[in-house]
Amino acid sequence: MILKSVYRLIFFVFLCSSLSAQEIIQENADIFKTRDISKTLKVSARSKVVIRSALTLSGSIKIETSESDIARLTYVKRAKNKSKSKAIDFIDIISVDFELTHDGLRLDLRAPNPAPWSGTNESGSVEIHLVLPEFCSLEFNAQYFDIDAEGPFNSFVLPESFGRIYVENVIDNLEIYSANRKVTARNLSGSVSITTSHAALQVDKVHSPKQKIELRNDGGDIKISDIVGELNVKNSYGRIDIRKYNPMGNYNYIRSTNGPITIAMNEFSTNKLLVTNSYEDIEILIPDDISAQISLAVEEGNKIEVTDILTKPDFIQNNRLNLIAGDGKAIINSSVRGNGNIYFRGFSKGEK
């Protein structure tokens, strides 16, 4: 009788191991993954959603919204190892916890630190697909994940990231601090603050007439289109390209070093615009019906060109030009240090 029980236990363990093994799919020679794993929770709109990951994990997080009050998580765990048994061991030590909190949801992606793949070309990763109710507030601590998120979200806060970021439709507050991978943000309102380095930053369709929009880069291009608000941009060793721009508020400041600045405005509604550069050109296209005091300055040997705008000269030197357009209500200052020119061009709104 005891012997039969032992045989049954061995058979049960063998059966469970076989069933577990069948859940692992081999994608290629050294990549293994689980099948899709899903979980749902009921949660209200405007909840706070916190997503956290161990530093030893990487992967991707895709977030969408729906009108439902159900949050749906689908995920796949992956391991890179030439040995299937070791890959399964990697997968087994990765855990995904999805649970309710007093004010929303929390998603925890856990793995040991150090992980058995640390310091090798092996890896453990997670692919996340999350569908949330509309207007949630998202907070991340997932440094090595690519993030693709399409709202509407009330807020989106990512304090540190080394992954590619795409976010769309944030209503009240967007904060991103990133490095080394492209950042794209679209359809924004409210307060916007994005800082990155050594990668492209692209921002489109921002309507924040009463809030500040702050963009920083170091070693990568900044490309901005269709933006309304008080804009503060700083870059080094990369291009700044701003199109369909309506500066508002008290003070708009665009500055760069070792990278050209191009600004094309649809409207001009700010009290003050300051554009400065070092060792590269500035080109400004502005409506010809503005009312502003204009001050343009470059260093000796460089040039200032002002075309297609009616102004009165106030002060003229070889490398400095002060002009008054209209009643001179606003202030526009633009200057270049080192080698670089300023091209200041007006256009009639009927031309567009």
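Mentor: Here is a walk through one group of charged side chains. The model is predicted: local features need pLDDT of at least 70, side-chain atom pairs count only at pLDDT 80 or more, and totals for chains, interfaces and linings use all residues. Residues are numbered from 1 along each chain as its sequence is written, and side-chain values use heavy atoms, with hydrogens and water left out.

Start with arginine 52 and aspartate 108. Their side chains meet in a salt bridge, 2.7 Å from N to O. A salt bridge is a side-chain nitrogen of Lys or Arg within 4 Å of a carboxyl oxygen of Asp or Glu. Arginine 52 lies in strand S4 (residues 48-53) and aspartate 108 in strand S8 (residues 104-110), so the pair ties together parts 56 residues apart in sequence. Strands are DSSP runs of E, at least two residues, numbered from the N terminus.

Aspartate 108 is buried, with a relative accessible area of 5%. Arginine 52 is partly exposed, at 35%. Buried means under 20% relative accessible area, exposed over 50%, and partly exposed in between, with a 1.4 Å probe and protein chains only.

Another one joins the side chains of aspartate 69 and lysine 42, at 3.8 Å from N to O. Aspartate 69 sits in the loop between strands S5 (58-66) and S6 (70-80), and lysine 42 in strand S3 (residues 37-42), 27 residues apart. Aspartate 69 is partly exposed, at 34%. Lysine 42 is exposed, at 60%.

Note on methods
Helix = DSSP H or I, 4+ residues; strand = E, 2+ residues; numbered from the N terminus.
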